[in-house]
Structure formats: C-alpha cells, structure tokens
Amino acid sequence: MLLFDTTQLGLQRALAGAAARQQAIATNLANVNTPGYRRRDVNFEDALASAFAGENSSAVENAPLEIVPDLRAPMRADGSTTDVDTEAAAEARNGLQYQAISAAIKARNQILRSA
C-alpha cells in the first residue's frame, strides 16, 4: 500500500500549480506598463483533470505546470494584454485557491498521522 495515493499526489501538484500561477501573476504585474507584453497564466486545472482521467498516479504527479501566454486577454492600444485590476483579482482568487488546497493537504496529513 502506498503512503501517498493519487489524490494526495494531485493535491501536491495542484499546490505547485497555484505557486506557479502566483509567479506568472507577479511577472504580469511587473510588466503591466511594458508595451507589447503578453499576459501569462498557468492552466494546471486542465492538466490535472486530464491526468486524473487516465487514472495513472505517475501522470498526476507529473502533470505539466507550464507558464503560457493568455490568448484570451484583451489587447490594449500599446499591444499589451495586462491590466492591474485583472491581475489583482487573479491574485486574490489564486490566494484563496492556494489556501483551500493547503487546508485539504493538512487535513489528509492529520488523518494519516492519526491512523
């Protein structure tokens, strides 16, 4: 029996995805006034969903967490696709998601300790 099941591996990968997204948001904020800069994001949710569909713990553990350009973001007159308000909202949402994932990991770890 494995100590860490697929769900635990997925939660750990999701936490890494939220951390990668935070890095992308910080880069976006740093370049908010850079003409031609393309907003970046990490879509780890879709990568994890695909990995879980395959029911392979190795695929879940190695789900890709790449920072990619956000092609859906509207372009400003200077060619940039970043907006301070959008990034602030993304940062708040990502922070809440990170906290929720952390709480789930903590709860599962407490269950393992008590067993």
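User: What distance separates the C-alpha atoms of Ser58 and Val84?

Analyst: Ser58 and Val84 are 26 residues apart along the chain. In the predicted model, the separation of their C-alpha atoms is 37 Å.

User: How are helices H1 and H2 oriented to each other?

Analyst: Helix H1 spans residues 6-30 and helix H2 residues 44-53, and their axes come within 10 Å. The axes cross at roughly 160°, and H1 passes H2 in a right-handed crossing. Angles over 145 degrees count as roughly antiparallel; therefore H1 and H2 are roughly antiparallel.

User: How do the residues of the contact of H1 with H2 divide into nonpolar, polar and charged?

Analyst: On the H1 side the contact is made by Thr6, Thr7, Gly10, Arg13, Ala14, Gly17, Ala18 and Arg21. H2 supplies Phe44, Glu45, Leu48 and Phe52. Gly counts as polar in this division, which comes to 5 nonpolar, 4 polar and 3 charged.

User: Is Arg21 buried or exposed?

Analyst: Arg21 lies in helix H1. Leaving aside neighbours within four places in sequence, Arg21 is in contact with several residues, including Asp41, Asn43, Arg93 and Gln97. Its relative accessible area is 5%, and because buried means under 20%, Arg21 is buried.

User: Which backbone oxygen does the side chain of Arg21 reach?

Analyst: Val42 is among the residues in contact with Arg21. At 2.4 Å, the side chain of Arg21 reaches the backbone oxygen of Val42.

Definitions and conventions. Residues are numbered from 1 along each chain as its sequence is written. This is a predicted model: local features need pLDDT of at least 70, side-chain atom pairs count only at pLDDT 80 or more; totals for chains, interfaces and linings use all residues. Side-chain values use heavy atoms; hydrogens and water are left out. Axes are lines fitted to C-alpha atoms, for helices over the stretch in contact, and angles run from 0 to 180 degrees between N-to-C directions. Helices (H or I, at least four residues) and strands (E, at least two) are DSSP runs, numbered from the N terminus. Angles under 35 degrees count as roughly parallel, over 145 as roughly antiparallel, 65 to 115 as roughly perpendicular and the rest as oblique. A crossing is left-handed if the near helix is turned anticlockwise from the far one by less than a right angle, and right-handed if clockwise. Contact means heavy atoms within 4.5 Å. Buried means under 20% relative accessible area, exposed over 50%, partly exposed in between (1.4 Å probe, protein chains only). A polar contact is a pair of N or O atoms within 3.5 Å; within protein, one must be able to donate a hydrogen and the other to accept it, and residues adjacent in sequence count only if both atoms are side-chain atoms.
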